[in-house]
2 protein chains.
Amino acid sequence: MDAPAVYQIALDVMGGDNAPTAILEGARAALEAHPGLFLHLVGDEARLRPLMGTMGFKGEIATRCAIVHAASVVEMDDKATCILKEKKDSSIRVAAKLVRDGRADGVVSMGHTGAAMVASKMVMGTLSGVDRPCLATILPNMLGRPTVLLDVGANIDCRPEQIAQFALMGSIYAEEVLGIRTPRVGILSVGEEEGKGSVTTKEAAQALRDMDLNFTGNAEGRDLWNGKFDVIACDGFVGNALLKSAEALAEGLIQGLKAVLTETIFTKLAALMARPGLKRFAKKLDYEEYGGAPLLGVKGISIIGHGRSNSRAVHSAIRAALVFCEHRVNDHIQEALGRQLSQAGTQESS
Amino acid sequence: MDAPAVYQIALDVMGGDNAPTAILEGARAALEAHPGLFLHLVGDEARLRPLMGTMGFKGEIATRCAIVHAASVVEMDDKATCILKEKKDSSIRVAAKLVRDGRADGVVSMGHTGAAMVASKMVMGTLSGVDRPCLATILPNMLGRPTVLLDVGANIDCRPEQIAQFALMGSIYAEEVLGIRTPRVGILSVGEEEGKGSVTTKEAAQALRDMDLNFTGNAEGRDLWNGKFDVIACDGFVGNALLKSAEALAEGLIQGLKAVLTETIFTKLAALMARPGLKRFAKKLDYEEYGGAPLLGVKGISIIGHGRSNSRAVHSAIRAALVFCEHRVNDHIQEALGRQLSQAGTQESS
């Protein structure tokens, strides 16, 4: 089991609506695709071992994974903070502990978002210089490219300089992990003009103008979808509301269309004829491609996927964690924050 | 021209992407449908008079409308406040003045939203007891029914008691104009549980619990679309971002699907076969049915429609203004605010 793996990821195999099967399927696909990956499969050993036997974890890939036992799971109706007391032995906390102890580079979970955030922040800790870690989501925009929206729920009441720091971390993530050169960074507001916005966003915009990134001004709600910005920063209250609204609206529209297209024999035929185009369109908007929301600003890597993730989304989330490692995103964040601080120092003393 | 009209509406005929033709078409349809309507058609007389001649404003309906001349129009790139100085003679300001002077019960405009809000607030004034007027939008939810979201942009930084007042005005609007009995009122937050939310929303929720309405707790972003609430209150920053995001997302999805369905002869045939179902689905989500966003809390009625409104949306907006009159929405708002104040007084003195 001690293969020369380059990057080690702790995978919470018990978290998510389709756990553990879909998580294990995603894990196997990731191991097959990435020869430099070692996975710690965190969960109920008695349940996982036989399952893995039937699921083809054998040969070379079996040498690059190991079960790490965790006795409990955070359920969807548990409080996020349960991992600090009642559920210290939960899979997400055990996984985060592997990172804290230097045994893994990052954690990936499709389970309880709040618990994964608490585990990452409290067990792994915050990067020095980072005021508050924040959760970034990658939205597929209408050009078929990713737009990073952050914070989407880690921080509810935010100060301007915190939102500016979210933007900085999001810019580094977009550049390093998504491969977007000099990402266009915006701050969410209620109008394009510089003077538009809340007291907080106007101050955050001012802070961003002084920062070493490609700040391109105020973004509006519509800009989440038109590809005008690569990164849009806001407080976690607004980001959370926007994300949940968009998920429900898109899902409602798609389900409504599906219902229409399965109504009669004619509409079924219609659906059949339009299928290639519909598939291509769906692929353009496919969130599974991006696989998970990174919690930026913690020591180590933390990728939190949607509870409904299928095996493909799990694989994508693991891949995102690997790219995060390879591109040393946290080192870049630390360097950028260091530059910020030394700049601020220079300005103060001048 | 002095027919015994029951309700008089000042219509800004010059505002909107399709002005003046679509506005006049909507006006004519409204006059035909509502015998108790008198319309002041506010705009450039030299332009409107010949147009109306060719558009069938004759016979009985010609006795229930009159042109009121306005020399200028607020353009989309004008500042909202231009109506206070440079464009005192703009159609929206002239229309609002008719309400202030008691010559009309309300104003309807598809023009510059900001200018319409400023004209309504500054020229018509605020109802006594109302802290801040707010803009409500009516979202078609997945059950095919309306959900009222407010404020969607009139107030950016809000205090808790202001958001609570938005909720109260929205509840009265939903009951009186949309015909929803005891509307279920929620406050937008980041989780269903009572403790979730920002400092402001938690205080607003507390204020709502003490108010005489059907407060049903925290709403999440997804609840804009699932029909779980009839009224959802938030500050104008969040509401504006949510509305603009949803408009762009829905439009992007629909345009993407349209592109797919017109790609080849097969997909065109498919679209043809699915058309009745698609039409029914589109109707369910049709914003034109609701026609405009009421600015609640001003003296008189102010309905602000989308710039892109077609004649049907104009007609719907005029109809909404009429129902607003008939149901004496402003009287109900005043009464409710009065009760609020006297309750607060009783609580303080007890």
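Visitor: Leaving aside its neighbours within four places in sequence, which residues is A:T137 in contact with?

Guide: Contact means heavy atoms within 4.5 Å. By that rule A:T137 is in contact with A:T147, A:V148, A:L149, A:V152, A:L243 and A:A293, leaving aside neighbours within four places in sequence. Note that this is a predicted model, in which local features need pLDDT of at least 70 and side-chain atom pairs count only at pLDDT 80 or more, while totals for chains, interfaces and linings use all residues. Residues are numbered from 1 along each chain as its sequence is written, chains are lettered from A and ligands numbered from 1 in the order in which they are written, and side-chain values use heavy atoms, with hydrogens and water left out.

Visitor: Where is A:T137 placed in chain A, and is A:T137 buried or exposed?

Guide: Helices (H or I, at least four residues) and strands (E, at least two) are DSSP runs, numbered from the N terminus. A:T137 sits in strand β5 of chain A, residues 134-140. Buried means under 20% relative accessible area, exposed over 50%, and partly exposed in between (1.4 Å probe, protein chains only). A:T137 has a relative accessible area of 12%, so A:T137 is buried.

Visitor: How much area do chain A and chain B bury between them?

Guide: The size of an interface is often given as the accessible area lost when the parts come together. Here buried area is the accessible area (1.4 Å probe) that two parts lose on being put together, summed over both. For chain A and chain B this is about 4000 Å², with 78% of it on carbon and sulfur atoms. In residues, 46 of chain A are in contact with 46 of chain B.

Visitor: How many salt bridges does the rule find across the interface of chain A and chain B?

Guide: A salt bridge is a side-chain nitrogen of Lys or Arg within 4 Å of a carboxyl oxygen of Asp or Glu. The rule finds two across this interface. One of them joins A:E220 to B:K244, with the closest N and O atoms 2.3 Å apart.

Visitor: Which helix of chain A gives the most to the side that touches chain B?

Guide: α6 (199-209), α7 (236-261) and α8 (265-284) of chain A each supply at least two residues of that side. α7(A) gives the most, with 18 residues.

Visitor: What rotation superposes chain A on chain B?

Guide: Two copies of a chain are related by a rotation about an axis and a shift along it. Copies are superposed by least squares on the C-alpha atoms of residues with pLDDT of at least 70 in both. Chain A goes onto chain B by a rotation of 180° with 0.0 Å of shift along its axis, at RMSD 0.0 Å. The two copies are thus related as by a two-fold rotation axis. In chain A, the C-alpha nearest the axis belongs to A:A270, 1.9 Å from it. Also, 100% of the interface residues of chain A are interface residues in chain B, so the copies meet through the same surface.

Visitor: Which side chain does the side chain of B:S72 make a polar contact with?

Guide: A polar contact is a pair of N or O atoms within 3.5 Å; within protein, one must be able to donate a hydrogen and the other to accept it, and residues adjacent in sequence count only if both atoms are side-chain atoms. The side chain of B:S72 makes one with the side chain of B:D89, at 2.7 Å. The B:S72 side chain also reaches the backbone nitrogen of B:S90 at 3.3 Å. B:S72 is in the loop between β3 (65-69) and α3 (91-100) of chain B.
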